[in-house]
Amino acid sequence: MLLPLLDFFVLIFAGLVLAILLTVVWRISQAIFRNQFIALSPIAYQQVFDELPDAVLVLNQEARIMNFNAAASRMFGLRSTDRNKCWFVGLMRIYKKDYTLEDPLLELTLHGHTCICEQRTQAIFRHGVRRGTLVQLHEVTASKRQAAELLESNRKLEEAQQIGQLGYWELDWHTQILTVSNYFWPLFGIQAQDKLFGGYFNQLIHPDDHENVQRLLAERLARRVERYEEDYRIIRPDTGETRHIYASAKVAYDADGNPLKICGIAQDITERKYAELQLQEKTAELERFFTLALDLLCIATVEGYFVKVNAAWESILGHSPETLPGQRFLDFVHPDDIPATLDAMSVLKGGQPILSFTNRYRCPDGEYRFIEWRSFPFGNLIYAAARDITERLHMEQALRESEACYRLLAENITDFVTLHDLEGHFVYASPSYEQAMGYTLEELRSLAPRDLIHPDDYAALHKNSVPKVRTGETLPVLEYRRRRKSGEFFWVESRATPIFNDTGQPVQILNTSHDITERKAMEEQLRQREAHTRALLEAIPDFVFQFDQNGFYTDYKGSTREHYVPPAEFIGKHISEVMPPSITTPALHRFRSAMNTGQIQEFQYELHIPGLGHQHYEARIARGSQQDIVVVVRNVTERIRSKRYLQAVLDSSLSCIMAFAAIRDSAGQIEDFGWRLVNRYAEQTLGKDQAALASSTMLREVPFSRQHELFQAFVHTVETGQPTQLLYQYPRGNTVVWFDTRAVKLEDGLVVTCHNITEEVQVAERQVALIQQLEAANQDLRSFAYIVSHDLKAPLRGVYSLAEWLQSDYAGCLESKGQAMLSLLQGRVKRMDRLINGILEYSRIGRVQEQMKEVDLHLVVQQVVDSVVPAEGFSVRVVNQLPTITGDPLRFQQLFQNLVANAVHHMDKPHGEITLAYLPSPQGHEFRVQDNGPGIEPQYFERIFQIFQTLKRHDEHESTGVGLTIVKRIVENYGGEIWVESTPGEGTSFIFRLPKTKGL
């Protein structure tokens, strides 16, 4: 933004200089004509008269045209026969109504074009008597147009200041009078005044910044700093709000180093400051999340190298986060998984995300872990999150093996296995049951439960068992008689176990039974043994304790590692002697309930086990016989901890995390979703806790999700298994909150994560608007700069030609002072032409499309040396072979030509030595252009790169002050940097470095 404004100010300055030069030429020509006309002969007089560029007419006392020059003839179409006949006033009224000789400015329509002329009249006296009038018409159409364009440029400058929120100010250090541009007033919230003093402006600075601003200004003035930049805060007097201001200023000093004037620009950067602060906070927040996340997070290049990983890599895989960056991640992948990983990388290089990909990673001990990845490409980087699913895969494999084992067992055991709905109708029957009953499964499905049970047993069985199973209660072993297809009845021992769905509701009944007809004959002899067997079958045998009916230990089975007291010490002791009271009391209560009711009792408790720490247990108590009790204990520590860790992770997330179960109609179509789980952030967003949401549905709590197509996207995820990712708006009061929503299927439901991106959306919208405004303003300034610079060249050529004509044709009429003035004028015109060329070239760098190709810098330097360095008095040496790089050949020729020409022009030694060296480095290409010239004082190192800045006066050394500025801009446009090293009297070295990226 500042660069186009700088170009604009430079062009305005150039226009003012041109106007001054035109005025000087006009005055010189007038003086020459007045002094020399009298001395010329009539023929020479008429020749000179005709050569004048302005229309000149000589009138007698009656205003008749006595004589006129060629310019007047062309302007009005006069002929030689019109002399002494044509009245000038009448002639002029043809072109302008109400014409008089006193009109200073005329607007005439000549040859179909409108032109503006200045009219100057002078009385002609001879021997003290007025003989006539001399009329001179000087066309000022171009200057008037330039004046109008200058006014228009000032208007555009005001608009540019308003668009860029820039205010120009200038402070006279001695009077403390502050002169400002029009936009300065609204920028600082003050009323426009005739005079504004620096002391009043200082009162606007925020109290916390006032002392620092004054101190820094005093230090800069003491060091004679010519340019400085700073940020500070002000308190606007009109609104009282605090605003951030960016100031860029330039200080002018007198010969003694005392400040004379400070001028600069001020820009309101409050919104940018707030955006930077928000960005810093968001970056810190993301860094904390990256560090604390329990999942594996990493950033890698698309070429396959780690850039950054989080701490979870060490806790899960054993790799330190400090050692992985820079390593190739394929080196850690299992050899069998490398082809699939390469295919996934190809997808990411194509700009597509990988939402689910699994491979194996090697740990330092050589073990491989299964890792599930979710990766997203962005530019040349890959952002990935992963989770260790080794245990889950092992559990799934075990579950598959277990299911296969159970199915094989069900198909081959002699016992009967059946599956029923809650009404008792058959869903499945094992082959042994079909064989024993004589029915096929299809025949069984057509029968009612009553048809297969003895009438004497059905009533009691249906009354006491079926209602309990439907409510999810596990039944004890039952004995009743079943009827075969042949009509024969036989005794079975049966166990009915409810099967629950994801919401904990019973949906089916698993019945296992076997034929006990023969056993019934021996029931009395085998009762105790069968009762004990039933108790063992009712519990999972992790480790088992046996008590008598009074609570004394009689036996144990299973692992001895997790006992509170070693088993050898508690056999024969009462439970109260072994376990703490917090466990003894509820255990004895459940012992009595199991003995009295025969139902299994369950409870959980906690113990501190030496060497293991705090442990959680789940106990199941069953009556073994009339005299003993069997207790099966399971260690559930990991399950409890995992559940707590999961809830803690969910609650620590700054995103809404919710789990839903599908609610289907009678046709199996999803009509809504029920809430299963929400984290704390989701509770805060929805304004309800998990208990309240558990009894509600998605459409009831978020009704607008159907209009936003959010509901249909969730249904699609559940039905197809494809993840969903979309943006939607959530109305919260009078505001709208944006969420980035992602959903994945989980069983017959889904897990939804919603991240609040409202701030990011708002910031992005503001940035797009600001960028569009800035681009429009820059485009206008670039177009204006080119037009003004191009139009300035035409009048310069005219001025230069006129000065040459005067110097050649009137050499004998001009004194040495006049000749010197014309030479000085020609020199200034040439400098102005070079200055305009430099400005145009400077403005093109970085905005004109460059021709990128391979450039042989050795050839470029050779051409520059041949065209710039004189054949005698100079020697040029090239150190190291210059490389071939990619870029615009013209730019590199400008770069080296300006540096070499600078060394040649400033050389103060009889024999100049110029060295061009190439120094390759890991950071990029480094070049050095060194000479043995006069050198540069250190305080001028920065000044020489500023536009129009020279170290010598133009009278001493002709220079535009643009060459090194162009060099600096070319280097920076290629992403490089340039600096100077010099010792006064010994020489100067310009060093610049270009990166090996960006095509270089």
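Predicted model: local features only at pLDDT ≥ 70, side-chain atom pairs only at ≥ 80, totals over all residues.
Three bridges join strand S17 (residues 416-421) to strand S18 (residues 426-429), and these two strands run antiparallel. Two strands count as paired if DSSP finds at least two bridges between them.

Residues are numbered from 1 along each chain as its sequence is written, and side-chain values use heavy atoms, with hydrogens and water left out.

S17 and S18 form a hairpin with four residues between them. In its turn, Gly424 has a positive phi of about 95°.

I now move to the sheet. Five strands make up an open sheet with mixed pairing, in the order S33-S35-S36-S38-S37. Which strands are at the edges? They are strand S33 (874-879) and strand S37 (977-983), each of which pairs on one side only. From one strand to the next, the twist averages 15°. S33 pairs with strand S35 (residues 912-921) in the parallel sense, over six bridges. Within this pairing, Val876 has Ile914 in S35 as its bridge partner.

Helix H30 (residues 889-905) lies across S33, S35, strand S36 (924-931) and strand S38 (987-994), and runs at about 170° to S38. Angles here run from 0 to 180 degrees between N-to-C directions, and axes are lines fitted to C-alpha atoms, for helices over the stretch in contact.

H30 also meets helix H29 (residues 857-868): their axes come within 9 Å and cross at roughly 40°. H29 and H30 are therefore oblique to each other, a class left over when angles under 35 degrees count as roughly parallel, over 145 as roughly antiparallel and 65 to 115 as roughly perpendicular.

Finally, a search of the whole structure finds 32 salt bridges, each a side-chain nitrogen of Lys or Arg within 4 Å of a carboxyl oxygen of Asp or Glu. One of them joins Arg360 and Asp337 (2.9 Å, N to O). Arg360 lies in strand S14 (residues 354-362) and Asp337 in the loop between helix H10 (312-317) and helix H11 (338-349), so this pair ties together parts 23 residues apart in sequence.

How values were computed: Contact = heavy atoms within 4.5 Å.
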